[in-house]
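Student: I would like to learn how to read a protein model step by step. Could we look at one together?

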Amino acid sequence: MLLPRFLLLRSVPSLTTRLLCTGPVLKQGRVPDMAEGKPPLHVSNVRNRLREIVGVSTNWSDHQQALAERVALSSMLAKSQSDLPGKRMKDSYVEVYLPLGSEPQLREKYLTFHNTVRFGRILEDLDSLAVLISYSHTYNPALKRSPLSIVTALVDRIDMRQHIIYPDCDIKFTGHVTWVGKTSIEAKMHMSQYQDGAYTPILDATFVMVARDPENKRAAFVNPLKPDGVEEENLFQEGEANKSRRVELSTVSLLKVAPTDEERKIVHSLFLNTLDTKTVSFRSRVLPSSSVWMEDAKLKGLEICHPQERNIFNRIFGGFLMRKAYELGWANACSYGGCRPNLVAVDDILFQKPVEIGSLLLLSSQVCYTTGKHIQVRVHSEVFDPLTQQHNTTNIFHYTFVSDRDVPNIIPKTYGESMLYLDGKRHFDQMVEH
């Protein structure tokens, strides 16, 4: 017999209780005004379209040759941003459909054991869509292949507007460029699902992409963006604010500067609450009730990076990394809280280094902050070279989950764990503020 705290693990949404889960857009081919006649894409065609834009093959051996031939495209790069024509937001508008309702054969790839949608697969689709949006912005009809190598630099935010994604209802992704720098692009995307005759918002996502030369060695210029109207100007200014916020947060990182006075008081209070009152010793620690030591709230995983998971530039697909990190983080939160948690937000996923094919990818998940029913999880990924024994960080992932009940308090024991605790609290507080 299952314990009550695990009953939620068996709760599933019925596949037969909802009607009208097939969107009319796929049948009628209707496209919003912003698309200006561009037909919507089937989700399975997104990566094929990217291969056409870049000029690479789906075959592993041919793929390597195609990438070598891209070196000649360097002469097509702009010498400055002023040499490139300005683009409108509508120029980069992309609409993609994931017809889970009308094409049942697609469901198995996205289906969990509990008849819900695998969010890791959604992350993969969002990553591919962000790249396609960026290439739509930089599209030059005079060129057969794009000389740019556009990759994901940062997942700024993903905010969930609904916790449940049904596995038998059509999904629609839309998005376009909302801000550009000289070599970087911000793409905003929205996901909705067709339920009871209308599309319902599911999530909003903001990705930051960077453009590099054909060899992916140095930065390359992208087309400037020309906002049209008050709404687009507001979106552009929001992108400027996002950039300023990221710069500000990097300057106050706990890896660079000391905690604030308030944060120091929080750490000291946690320390005092764990002292053994029977002894007068800094080393004697006692775990408070309804609490878990941070060192006991970890999960680890290993992935061998095979060619099957490569992107169009012969590195490991960023969406694959996000999926694996999310699934490990979710499992960590699930085992910690004792029930299936719901995702609230994803933020500040930084892609520090590309992951090469053949790498050993080490993933480490840590519950770093809790409050009430919320669990903040940090996943660290690194590649390990067995020949040199060197470890290099590639990504840091931050996830906020919510449980259906109060969860134990996470308690740091060391100074390093205390910094993880404060960093997790900062990410949680930003989520609440946002």
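Student: What should I know about the model before going on?

Tutor: This is a predicted model, in which local features need pLDDT of at least 70 and side-chain atom pairs count only at pLDDT 80 or more, while totals for chains, interfaces and linings use all residues. Residues are numbered from 1 along each chain as its sequence is written, and side-chain values use heavy atoms, with hydrogens and water left out.

Student: Is R121 buried or exposed?

Tutor: Buried means under 20% relative accessible area, exposed over 50%, and partly exposed in between, with a 1.4 Å probe and protein chains only. R121 has a relative accessible area of 16%, so R121 is buried.

Student: Which residues have the most contacts inside the largest nonpolar core?

Tutor: In soluble globular proteins, nonpolar side chains tend to be buried together. A nonpolar core is a set of buried Ala, Val, Leu, Ile, Met, Phe, Trp, Tyr and Cys residues joined through side-chain atoms within 4.5 Å. The largest one here has 99 residues, and those with the most contacts inside it are F119, I122, Y135, I158, L203, F207 and Y399. Helix 5, which covers residues 119-137, gives the most to this core, with ten residues. Beyond its neighbours within four places in sequence, F119 is in contact with I158, M160, I165, L203, Y326, L343 and V346.

Student: At what angle do helix 5 and helix 8 pack?

Tutor: Two packed helices are described by the angle between their axes and the distance between the axes. Axes are lines fitted to C-alpha atoms, for helices over the stretch in contact, and angles run from 0 to 180 degrees between N-to-C directions. Helix 5 and helix 8 (residues 318-337) pack at about 155°, with their axes 8 Å apart. Angles under 35 degrees count as roughly parallel, over 145 as roughly antiparallel, 65 to 115 as roughly perpendicular and the rest as oblique. Helix 5 and helix 8 are therefore roughly antiparallel to each other. The contact involves F119, G120, R121, L123, E124 and D127 of helix 5, together with G318, G319, F320, M322, R323 and Y326 of helix 8.

Student: How are helix 2 and helix 5 placed relative to each other?

Tutor: Helix 2 (residues 46-54) packs with helix 5 at an angle of about 40°, and their axes are 10 Å apart. These two helices are therefore oblique to each other. On the helix 2 side the contact is made by V46, R47, R49, L50, I53 and V54, and on the helix 5 side by S128, L129, V131, L132 and Y135.

Student: Which loop holds D196?

Tutor: D196 has its place in the loop between strand 5 (184-195) and strand 6 (198-212). Although D196 is not a glycine, its phi is positive, at about 55°. D196 counts as exposed, at 59% relative accessibility.

Student: And where does Q389 lie?

Tutor: Q389 lies in the loop between strand 11 (374-385) and strand 12 (390-402). Its phi is near 65°, a positive value in a residue other than glycine, and Q389 counts as exposed at 53% relative accessibility.

Notes
Helix = DSSP H or I, 4+ residues; strand = E, 2+ residues; numbered from the N terminus. Contact = heavy atoms within 4.5 Å.
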